[in-house]
Amino acid sequence: MTNIDFRSLLKEETSLRWGFLDQESEACAVVTTRMELLYLNFACQSLVPVDWFSRRCFEVLPHEDALCALDCPTIHAVQTAEEITVCEETLRFDDGRAATLGTAVIPLRKSDDRAKAVLLFRTRDPASDTDVFTSQLLSDAHDLRDRISG
């Protein structure tokens, strides 16, 4: 009897669909409504352990708040937003470093798989102008959405 590894097959299929995101220099993730990670581009894979596939983002990303899933603006945006939404979150790494991320949630209107949204992550310098940062992130997210739907 042949033993089929369906998880590996799903990961391969998803990689074929979303592999173009590896061309992005910034971290990108494709998530389901339940925040399961379907695809991480190369830039994003450095943020999480190697066994990230199909785990929920809050289980693998080093969030500053251990209970972030209870009140996470990114999760809320993935579940409800119809337009691109920018959220902010803080990651805290094992070495004590903290990074403030701007996250552009790009809702997927029609998808042939379980994908609900693409997340575009960008590190924000706390001293930077928030409005300028948000405006540029939104602009880049719109460009990425155009490539996704193109």
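**Close-up views of a predicted model**

**View 1. M35 sits in a loop between two strands.** M35 is found in the loop that links strand 1 and strand 2 (37-40). This is a predicted model. The phi angle of M35 is near 70 degrees. That is a positive value in a residue other than glycine. Most residues other than glycine have a negative phi. Is M35 buried or exposed? Its relative accessibility is 1%, so M35 counts as buried. The cut-off for buried is under 20%.

**View 2. S54 lies in a loop between two helices.** The loop runs between helix 2 (42-45) and helix 3 (57-60). S54 has a phi near 70 degrees. Here again the value is positive and the residue is not glycine. What is the relative accessible area of S54? It is 28%, so S54 is partly exposed.

**View 3. Strand 1 pairs with strand 5.** Strand 1 covers residues 28-31. It pairs with strand 5 in the antiparallel sense. How many bridges join the two strands? There are four. Within this pairing, V30 stands opposite V118 of strand 5.

**View 4. Strand 4 pairs with strand 5.** Strand 4 covers residues 98-107. Its pairing with strand 5 is antiparallel, over seven bridges. Which residue of strand 5 is the bridge partner of G102? The partner is R122.

**View 5. Strand 5 is largely enclosed.** Strand 5 spans residues 117-123.

Terms used. Residues numbered from 1 in each chain as written. Predicted model: local features only at pLDDT ≥ 70, side-chain atom pairs only at ≥ 80, totals over all residues. Heavy atoms only, no water. Buried < 20%, exposed > 50% of the residue type's maximum accessible area, 1.4 Å probe, protein only. Pairing = 2+ DSSP bridges.
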